[in-house]
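This report concerns a pair of protein chains and the way they meet. Please look over the sequence and the model before reading on.

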Amino acid sequence: VIRDVIAAFAAQLEEHVPLDPASSRVVHLGGVWEDRAVLVVFRPRQPQPSYVIKVDTTATGRQLLEQEFAALRWLRDTRRAPGPVPVPVARFEHRDALVLAQTAVPGRSFMAQLRRRVRITSGAVARDHAVLLGWLEQFRDGGVVAADPGQWLSDCEALTLAEQILPTGKLWARRALDDLRRGADAAGEALRTVVAPSHGDLGPSNVLRHRGRVGVIDWERSHPAAPALNDVLILLHHYARAVSRQRDGTLDTRDVMARAFLHDDALSRETRRRWREQLVALGMPAEADAVVLTATILRFAAGQTPFAQRSGGRMWRQIARRFLRAWSASRPDEGALAHP
Amino acid sequence: MTSGAWNERSLVAWIPMQEGERVAVVGSCPPLVDALARAGAEVWQCQRAAELADGGRRAVDHLMAPDLRAVPDLLRPDVIRHAVRPGGTLLIGTQHRRGRPTGAAAHSTRSLHAALVRCGVGRIDIFAVRQSLSNPRAIVPVDDRILRWYVTTGFLPLSRLESILASGLSVVRPGRVALALFPALMALGEVVGDP
């Protein structure tokens, strides 16, 4: 099947130097999802790959590939991305699969760099955040739209989802709900839904660094106008997950959000600082950080983001539940909604 | 196309299989059998090399042995010639012998290639596999430039030792030394009949 796909791709390719399927070499990267294959294609004697080909047969997977194809064309036409991104090369059907071919982006995976660090210092965390969030700020620059408060109210309806997600009769759940309502009321119209171009899955695995530039791949969950805080939350969460894995390999993935924001250590402090900084950059008060954070997590849990498209939000519901429980436990009995 | 999910089913994508063809799976590997059946193959599962050499059985179109440890005596000319029709595909997964001997079913790239040639297999491609045979997340051709690319760009260490090793390899431009980071090998070849 792999050789057939490469041959079919070579037949579609309109480039000066034809791709010879027989002499091309392929790295096969298995994905976490069934019926997804990622093939990295090397032309003969080339030290770097030329193309990345994604193949998928499932309805959801095909939809994600269609979204990525549209996103890559949009990126090519608008040149919005501040660094290298893949260029779409071909999209075609092969047997029962959809095939999306794109150019390979040069660089070393940010995740690979993180995993090779023997120690991760607080200074390194700050520098990494600066690189990743710096790219994000440049990417959304000029494309930010602040929707009216009414839209935030509809987002606040996500808070009512907490009532469905959280267990009834638990003290911590009641406290979390009360705090959320109080926090939303206190912030009032200062809360706005800010939409901007979004990558949708901006974690260290999808960031490549090459000669001082930052390239970003995997645009399957991209959207031209999505709540800007989605990308910020995903980025901070995925980064904390990668770092926590280095420091404590036994940490449950569902506890990473609490680990990222609620601990009293350098990683959590830096993560909270960056979250507040992003809120201010998007025109919201820093004091609303906790309620906006919780609402954003709940938006994921409700499946309202492209990120939950394949997992159905089940994992995020568990993340939200564990986060709210940890959050409730971390605060004194009374007092304003605030992080420790 | 059956791939992904980080188990042996990824290997199905490497077999040039048509619907209705007969595929033998040697050893116990339910995800692979399931994936082959879903792809329309007529799957025959067996546990021992002796079953393949049974004279009364028709040769299969393709043979897959995802872990040679389960059938260490598979790579014998009489077994392979008997089991697979000429032109059929053979896919073998094996532990990678890195330096010291680790048992009869472990191979280096050279010994695996030689064993396949002895069995009458041609057009052989050897791949390095991470993280393991049962979890093949990356299947990388054994080619200096591609191994170098993988190890310097996308390789994710699983232990502190691998982190240190990978950092060192990034500096010295590894080539085949990078193979040491792959615990398993996969070979793909075509049975050409008499060697």
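What share of the contacts in chain A with a separation of 6 or more is accounted for by residues 24 or more positions apart? In this predicted model, such residues account for 68% of those contacts. Chain A has 340 residues, of which 54% count as buried, and its secondary structure comes to 12 helices and 11 strands.

Within chain A, three strands form an open sheet in the order β6-β9-β10, and their pairing is antiparallel. The edges of this sheet are β6 and β10 (213-216) of chain A, each of which pairs on one side only. Strand β9 of chain A, residues 207-210, pairs with β6(A) in the antiparallel sense over two bridges, and A:Ser109 stands opposite A:Leu208 of β9(A).

**The interface of chain A and chain B**

On the side of chain A, 40 residues are in contact with 43 residues of chain B. The area buried between the two chains is about 3300 Å², and carbon and sulfur atoms give 52% of that area. In chain A, the residues that lose the most area to chain B are A:Arg25, A:His28 and A:Arg116, which together make up 22% of what that side buries.

Between chain A and chain B, eight residue pairs are in polar contact, counting pairs in which both residues are at pLDDT 80 or more.

The residues of chain A that touch chain B divide by class as follows.

| Class of residue | Residues on the side of chain A |
|---|---|
| Nonpolar | 18 residues |
| Polar | nine residues |

As for charged side chains, the rule finds two salt bridges across the interface of chain A and chain B. The side chains of A:Arg3 and B:Asp125 meet in a salt bridge, with an N to O distance of 2.8 Å.

Methods:
Residues are numbered from 1 along each chain as its sequence is written. Chains are lettered from A and ligands numbered from 1 in the order in which they are written. This is a predicted model: local features need pLDDT of at least 70, side-chain atom pairs count only at pLDDT 80 or more; totals for chains, interfaces and linings use all residues. Side-chain values use heavy atoms; hydrogens and water are left out. Contact means heavy atoms within 4.5 Å. Buried area is the accessible area (1.4 Å probe) that two parts lose on being put together, summed over both. A salt bridge is a side-chain nitrogen of Lys or Arg within 4 Å of a carboxyl oxygen of Asp or Glu. A polar contact is a pair of N or O atoms within 3.5 Å; within protein, one must be able to donate a hydrogen and the other to accept it, and residues adjacent in sequence count only if both atoms are side-chain atoms. Ala, Val, Leu, Ile, Met, Phe, Trp, Tyr, Cys and Pro count as nonpolar, Asp, Glu, Lys and Arg as charged, and the others, Gly among them, as polar. Helices (H or I, at least four residues) and strands (E, at least two) are DSSP runs, numbered from the N terminus. Buried means under 20% relative accessible area, exposed over 50%, partly exposed in between (1.4 Å probe, protein chains only). Two strands pair if DSSP finds at least two bridges between them.
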